[in-house]
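Let's take a friendly walk through this structure together. Keep the sequence and the 3D view open as you read.

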Protein chains: 2
Amino acid sequence: MAKITSVSPLAPEGFPELPVIGGVRFASAAAGVRYAGRTDVMLALLDPGSTMAGVFTRSATRSANVLDCQAKIGADSEAGAAIIVNSGNSNAFTGKAGDGSVAAICAAVAGATGLPETRVFTSSTGVIGERLPHDRITSKVGELVAALDPGKGAEAARAIMTTDTFPKGACATVSLPGGALKIAGFAKGSGMIAPDMATMLVYLFTDARISRTDLQALVSGINARTFNCITVDSDTSTSDTLLMGATGASGVDVTAEDTAFAEALEGVFLDLAHQVVKDGEGATKFVTVNVTGAASDADARTHALAIANSPLVKTAVAGEDPNWGRIVMAVGKSGAAADRDTLTIRFGDVLVAENGWVAPSYREEDGAALMKEPEITIGVDIGLGEGKATVWTCDLTHGYISINADYRS
Amino acid sequence: MAKITSVSPLAPEGFPELPVIGGVRFASAAAGVRYAGRTDVMLALLDPGSTMAGVFTRSATRSANVLDCQAKIGADSEAGAAIIVNSGNSNAFTGKAGDGSVAAICAAVAGATGLPETRVFTSSTGVIGERLPHDRITSKVGELVAALDPGKGAEAARAIMTTDTFPKGACATVSLPGGALKIAGFAKGSGMIAPDMATMLVYLFTDARISRTDLQALVSGINARTFNCITVDSDTSTSDTLLMGATGASGVDVTAEDTAFAEALEGVFLDLAHQVVKDGEGATKFVTVNVTGAASDADARTHALAIANSPLVKTAVAGEDPNWGRIVMAVGKSGAAADRDTLTIRFGDVLVAENGWVAPSYREEDGAALMKEPEITIGVDIGLGEGKATVWTCDLTHGYISINADYRS
């Protein structure tokens with residue numbers, strides 16, 4: 001099998017109408033980094049006074065771009081900021097040449113925008129281990145700056161796709177006593193064409209006026225409950241990056257304690273995170289794993305990830321097989337505390353197993369009917385404490401194998 | 001796709017001629033636990049004076065049989081011992097009824113052999129969460145005892161197969177100053193038919209005279225370097241069991257310090273462990289992952305397992321794709337110490353990457369040629385210390401998905 005071109009069956013109906021965020025403009029261009037006949041570079045420019053926050057992969061082999069962003073993200077600045085992202089080449093494991101590519105791109109953007117280089121953030125996504133032809137990108141910077149437009153977020157979201165089957169966007173509006181705030185963001189994740197990894201990139205923007213430290217606190221906390229709780233195949237990218245900018249253009253001040261803003265922001269994070277899972281390579285089912293009653297929240301997360309990453313659980317879901325025995329297995333192997341005789345398992349609202357055995361009320365046809373749904377909830381109560389966690393994943397199908405094993409002939 | 005019936009392309013040419021081990025007799029029978037038209041129970045009887053040792057799954061949801069074996073294995077006894085194993089039903093997650101099934105089987109074997117129940121070891125493998133129809137097994141015990149024969153090890157190896165595509169046996173002879181010693185063993189592992197897990201069972205026998213504590217020390221140590229270093233899909237069974245019996249029939253004394261015996265024993269363990277991987281569900285490639293230069297042996301093992309369990313590495317191998325970027329990714333995500341710029345990667349003897357980038361001498365066609373071999377070695381030097389580890393795995397193919405997702409209609 002060669003290239004898979006159909007859109008995920010779990011895709012949303014369409015890309016949302018992203019609101020204009022005061023103080024942010026977007027542009028995209030076709031630089032021919034790797035792909036032909038499509039855009040592959042996007043630039044976002046944020047006005048002076050914007051604050052920036054970010055979270056990044058913890059991979060020990062992270063890309064040159066990630067290292068550069070991490071070095072810059074914690075600084076306060078009154079200057080604006082730029083985010084420039086290319087698809088087609090991840091600039092990961094490219095040694096000192098990779099560092100040079102990042103420096104060249106930052107210099108070009110700084111030169112064209114008047115920003116200091118310390119306020120230019122870069123991401124690259126695509127094939128790894130190949131030298132990034134950064135001159136193809138730097139030669140497009142002038143064109144990108146000239147084309148900047150507040151309404152071009154959707155085009156920017158398309159330019160960063162690699163093997164995604166749909167662009168991923170989300171937005172929210174928050175009404176506060178001081179006025180209305182807008183939040184918009186887009187993401188990419190999960191792929192197929194080139195020998196690359198399922199890399200996740202996320203960019204979010206708001207016109208709220210918020211300090212850098214408060215924005216970072218919000219972003220880090222919400223990220224832990226959203227993007228850090230999704231898994232497609234347990235393989236962590238070298239390039240995962242989430243960047244958020246707050247321009248202050250609304251004139252409305254918020255802090256990390258502002259629950260209405262935080263809740264709206266978390267909704268946007270969660271929406272994008274779910275869209276990444278729904279575009280998981282080969283995905284046909286969206287799975288929510290809820291673990292309760294664990295000895296601690298950390299134990300609950302360990303159990304939930306063991307279930308969500310188990311190839312046997314994921315293939316059972318693909319086969320629409322209510323194979324609860326594999327969930328028992330995954331809990332047992334996770335390493336976190338569990339007791340066979342206090343474990344309770346539910347598919348949706350259906351009680352499947354309790355007291356160390358199948359529930360007397362459970363009928364196989366009830367479980368089988370639930371497994372035919374495109375969205376499935378697996379509920380596991382460990383029966384030992386108050387710890388809880390939720391993670392989201394997709395199934396493991398022939399599509400995943402085809403995408404990752406079959407494309408080379 | 002329904003049932004896959006072809007034998008693994010990685011299977012050995014045939015089942016070895018297992019030597020008779022003085023003091024051990026085998027029998028098998030068709031009890032109809034789940035399968036029709038094949039044997040599904042095996043009994044091994046060891047003469048008085050035998051010592052027993054074992055290692056078991058650490059799953060928190062382990063089966064009733066495993067819990068019973070663990071309670072018995074550490075006791076000294078001058079009585080003989082029996083091992084009775086059924087396939088078709090794992091008796092796991094069957095609550096108190098499962099404990100009752102183990103007790104009933106042990107009582108039946110004790111009654112028919114004169115052994116104390118504390119010397120009867122049981123294993124069950126197959127579907128989980130269904131009550132074991134143990135009366136089908138106990139009703140065959142008389143027949144099994146009557147049929148015991150020192151030469152029936154191969155038949156016993158077949159009776160414990162579930163979704164294995166070939167029976168797995170290995171043996172060795174050790175010449176010592178005091179005389180010759182024999183070692184024979186068989187294993188099962190990796191499957192497809194029923195909604196069960198890839199469960200591994202291993203039984204080994206020797207005519208050496210060795211204390212229980214020395215035998216256990218040897219078994220535990222060698223197991224850590226062999227069976228504990230294989231992975232098919234990262235999913236740990238609720239039933240994994242390895243039991244070894246030493247009858248002393250040779251009259252030759254050995255201890256845990258006897259290197260010739262230990263080396264021969266390790267050879268048998270390793271042979272069986274590799275056969276389990278070669279019968280991994282859907283396997284078409286046998287992969288050795290050698291990690292050196294890690295900060296510690298534990299770190300090396302963490303890296304090696306991250307590579308061996310990565311779905312993206314495993315699908316690349318399936319696709320015969322020398323995708324070394326995915327190995328970089330797996331090292332990066334493992335959580336153990338690593339540095340992009342000191343990492344060296346080899347496929348077989350071919351240097352692929354070093355100094356944080358692809359090696360100047362590397363040619364893609366050299367890597368591609370190596371990946372076409374049925375047996376592939378991935379070498380990773382972390383460049384930080386002296387820690388090393390080797391693990392063995394197989395690729396992740398459409399066969400795995402078919403076996404685990406497609407069999408339910």
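Twelve aromatic pairs turn up over all chains, where rings of Phe, Tyr and Trp (its six-membered ring) pair if their centres lie within 6.5 Å. One of them joins F186(B) and F205(B), which are 6.1 Å apart centre to centre with 45 degrees between the planes, a tilted pair; planes under 30 degrees apart count as stacked, over 60 as edge-to-face and the rest as tilted. This pair links distant parts of chain B, with F186(B) in strand 7 (residues 179–188) and F205(B) in strand 8 (residues 201–206), 19 residues apart. Strands here are DSSP runs of E with at least two residues, numbered from the N terminus. Both F186(B) and F205(B) are buried, meaning under 20% relative accessible area with a 1.4 Å probe, protein chains only.

This is a predicted model, in which local features need pLDDT of at least 70 and side-chain atom pairs pLDDT 80 or more, while totals for chains, interfaces and linings use all residues. Residues are numbered from 1 along each chain as written, chains are lettered from A and ligands numbered from 1 in written order, and side-chain values use heavy atoms, without hydrogens and water.

In chain A, ring pairs link F26(A), F186(A), Y203(A) and F205(A) into a cluster.

Now look at D40(A), in the loop between strand 1 (24–29) and strand 2 (41–46) of chain A.

Conventions: Helix = DSSP H or I, 4+ residues; strand = E, 2+ residues; numbered from the N terminus. Buried < 20%, exposed > 50% of the residue type's maximum accessible area, 1.4 Å probe, protein only.
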